[in-house]
2 protein chains.
Amino acid sequence: MSDTIQPWERLSELITKKNNTLITTFINTLSPSETARVISRLSEDDQRLLFSLLSPEDAADVIEDIPEEQAADLVEEMPSEQAAAILEELPSDHMVDVLGEMDEDASRAILAKMDRKDAKEARMFLEYAADCAGGLMISEFLSYKTDATIQDVLYDLQANRDEYIDYHVQYFYVVDHEEKLTGVLRMHDLLFPARKTKLSQIMISSPLNLPHKSSLKELEDFFDEHHLFGVPVVDDEKRMVGVVLSSDVEEALNKKKTKTFLRLSGVIGGEEFRTMPLLSRSGRRLSWLSMNIVLNIIAASVIALYQDTLAAVITLAVFLPMVSDMSGCSGNQAVAVSMRELSLGLVRPGELLWVLAKEARIGIINGLVLGVLLGCVAFLWKGNPWLGIVVGGALAANTMVSVLLGGMLPLVLKRLKLDPALVSSPLLTTVTDMCGFFFVLSFATAVMPKLAGM
Amino acid sequence: MSDTIQPWERLSELITKKNNTLITTFINTLSPSETARVISRLSEDDQRLLFSLLSPEDAADVIEDIPEEQAADLVEEMPSEQAAAILEELPSDHMVDVLGEMDEDASRAILAKMDRKDAKEARMFLEYAADCAGGLMISEFLSYKTDATIQDVLYDLQANRDEYIDYHVQYFYVVDHEEKLTGVLRMHDLLFPARKTKLSQIMISSPLNLPHKSSLKELEDFFDEHHLFGVPVVDDEKRMVGVVLSSDVEEALNKKKTKTFLRLSGVIGGEEFRTMPLLSRSGRRLSWLSMNIVLNIIAASVIALYQDTLAAVITLAVFLPMVSDMSGCSGNQAVAVSMRELSLGLVRPGELLWVLAKEARIGIINGLVLGVLLGCVAFLWKGNPWLGIVVGGALAANTMVSVLLGGMLPLVLKRLKLDPALVSSPLLTTVTDMCGFFFVLSFATAVMPKLAGM
């Protein structure tokens, strides 16, 4: 292992030698995820040197392979001319994604250096939220005027073969003289009619389309219902402005899921990569943890209130974290099921009572099973049935609370327009800790004479 | 709110009246996610009746809208003839997904009632793992023999217009007489040459393709590198067997993410829906929780070992759950970052030392910051600097342990071929609980005279 050269060491060597040909050849042998890994392990100086050596086309290929946040950081560091030349080589949606990750000054400086038409288009895209139809659409589509003939289309296809080679050509769109979408044609509709036929005669009129402000959820529903590669997007005046591809919708859903997952785990403020500067990584994580410390203090203060009981029955200290941890797990299960059903549209934020009814039954059954289990453990360990009843009863009660709360929280937070992924887990933990401590210690206080001195 | 009729109540009414036309019209007004929600809220009897009323085509439209697991449960309940008729109306990949969710006896019975050719194809698909190329591919593609002419293709397109209307026709594939993939053509390649030209003369030879056993990761890399709608899939003898669409790869990645998210939250054994029978839901959740109870007992036993210290300094009981909870959060952040980097390919399971080096620095900084914070709180509360040192020191040390462990765990579990999503979180919690309790109580024991009687 120790004497094999890592690929980024090899690349770093080639960069130092400024051997462009070998660099390009070497990068071409890597898969996209390998490229991402190798680039992220280079020193910042090597990264800068690499991009100054590559042609804009090759640099754009590399930029496409690495996660957007990292791509934005890299491009931001470059001189604006170089950044503009590279970004112009990216597909329009990807270019906008990278620009969108930058701060506004940086992206404005780069746009100023870009080809005027590309820059105008990019500015239009940047005005849309990243995951509405306008933000996800691509501008590489083919549209022709209503009075064009089949011959005109074929001539255009032939003349612009090279440019269209990367286009996703499944459909041709037909627009009127105000660019309003009026029809759609499939390629094979062109094969049989006479070449002088006007498109208006053979097109399918009033094709499916979506307004530019459609949400990701609306796009998801559209492609669930219609198995198409893409859908034309129109602005408020019904002018055709782009095409959203179903694969890009799936990709946006993927990104959203990743963000949800990371937030539930307490990684906030965008994605963290281990190649980021240490203090920025540490700061992002701390911002979340320091909020947690406050919530933890609130929860633990319940224990402080019952110090006398605890001092009298020190054995209870063993069970305090068990009861709160276990109910926390039960509650997290309910949070996950609610978040999943919300995202599938199987439950609506207003249906609290339905969720409560469904979770209450689970809470009772699982609370009883787990309470009896832990109660038996406590009884067998110390030989005192009252300890078993206190501990088992507390776990049963707290499981019930936690499951109900966990099931409801995502719905309530969604209604309050808060992010369930961000707030559910710390809120749930705080409440289950407080209640868990309270149940154990108050039950114990109630039957104190039976427990004293344990 | 209370006097509006819910859509499933309306549907249930129509079902009771057996009014087929209105049922179909009503369902067509619903978006896919609304359909899923409405169907899931019907009673089992209504569901059964509904599917016996709908035509196989309409039933298949409904089946497509609801989550696969639920679809499988519904179809399993039907008489096999009815189930077969409905499944034959689904796109091949979706049919196989639904069959794959059933137990083998049920799917075999349904396959026996299906059209022989469809059944044979389905059996072939079922042999593949659900998320390799063979499991994701569709069989609706167009292929022609090498010596076919352009005229032959145009004739076939014209003759089978209706069947092909749902196909994703972006490319035509060219195969030799042993069905081996030899070339690919785009639709507009057919437009200009003479109609008697053989496909072999104009096709692009040796097109990009993937073996049928390619993993989801390989498919993801392929579509990251090549911006195509689909890729032809070949078997071991290079015969073309299907096409994988990029949107289906994104969808499979989406499903995998959902499973990871649910497992991390302790929802295992497939997805849970609140409309499932109560005992099955409760059982699924309990299987995970009862494992947790054992791990919790192990962790809490550390407290039992130090009962004397705790009895002497009862204040410590307040800080035990705080130290273990907070370090658990720090560790979970590291788990999330590692799982994310693993899935992007930015880190490999073997690179433990790299991750340790990166996490150690975060562990030290965040441990110190949080330790000082909590130490100050403890000191201010009780006015004893030694309590602050014990509590703060324990949190700092435990944060360090937890961050290192959290960063490593996903890599180690992946190497051991265990599922990081399933095992990381309970293992991490157990260790951080044990260590947290140990640090607080052993540090306190060491400086006991300074703390006694608090």
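**Sheet in chain A.** I started with the open sheet of four strands in chain A, whose order is S1-S2-S3-S4 and whose pairing is mixed. The model is a predicted one. I looked up the edges: they are strand S1 (143–145) and strand S4 (204–205) of chain A, each pairing on one side only. I then followed S1(A) to strand S2 (residues 171–175) of chain A; the two pair in the parallel sense over three bridges. For A:Lys145 I noted A:Val175 in S2(A) as the bridge partner.

**Sheet in chain B.** Next I took the open sheet of three strands in chain B, with the order S5-S6-S7 and mixed pairing. Strand S5 (210–211) and strand S7 (240–245) of chain B have a single partner strand each, so one side of each is left without a neighbour in the sheet. Strand S6 (residues 230–234) of chain B pairs with S7(B) in the antiparallel sense, and I recorded five bridges for that pair. Opposite B:Pro232 I found B:Val243 in S7(B). I also checked what covers these strands: helix H16 (residues 246–264) of chain B lies across S6 and S7 of chain B and runs at about 65 degrees to S7(B).

**Helix pair within chain A.** I turned to helix H8 (residues 92–101) and helix H10 (residues 116–126), both of chain A, which pack with their axes 10 Å apart at an angle of about 65 degrees. H8(A) and H10(A) are therefore roughly perpendicular to each other. I logged their crossing as right-handed. From H8(A), the residues that meet H10(A) are A:Ser92, A:Met95, A:Val96, A:Leu99 and A:Gly100. On the side of H10(A) I listed A:Glu121, A:Ala122, A:Phe125 and A:Leu126. By class, I have six nonpolar, two polar and one charged residues for the contact of H8(A) with H10(A).

**Relation of the two chains.** A rotation of 180 degrees superposes chain B on chain A with 0.0 Å of shift along the axis and an RMSD of 0.1 Å. That is the relation of a two-fold axis. I looked for the residue of chain B that comes closest to the rotation axis and found B:Ser247, at 2.1 Å by its C-alpha. The same surface serves both copies, as 99% of the contact residues of chain B recur in chain A.

**Interface.** I have 91 residues of chain B in contact with 90 residues of chain A. Helix H19 (residues 316–344) of chain B supplies the largest share of the side of chain B that touches chain A, with 18 residues. I sorted that side of chain B by class and got 44 nonpolar, 26 polar and 21 charged residues.

Last, I examined helix H20 (residues 352–382) of chain A against helix H17 (residues 278–305) of chain B; their axes come within 10 Å and cross at roughly 30 degrees. That makes H20(A) roughly parallel to H17(B). The crossing of H20(A) and H17(B) is right-handed. Among the contact residues of H20(A) I noted A:Arg361, A:Ile365, A:Asn366, A:Leu370 and A:Val377. Those of H17(B) include B:Leu278, B:Arg281, B:Arg285, B:Leu289 and B:Ile297.

How values were computed. Residues numbered from 1 in each chain as written. Chains lettered and ligands numbered in written order. Predicted model: local features only at pLDDT ≥ 70, side-chain atom pairs only at ≥ 80, totals over all residues. Contact = placed C-beta atoms within 7 Å. Nonpolar A, V, L, I, M, F, W, Y, C, P; charged D, E, K, R; others polar. Axes fitted to C-alpha atoms, helices over the stretch in contact; angles between N-to-C directions. Parallel < 35°, antiparallel > 145°, perpendicular 65-115°, else oblique. Left-handed = near helix turned anticlockwise from the far one by under 90°. Least-squares fit on C-alpha atoms with pLDDT ≥ 70 in both. Pairing = 2+ DSSP bridges.
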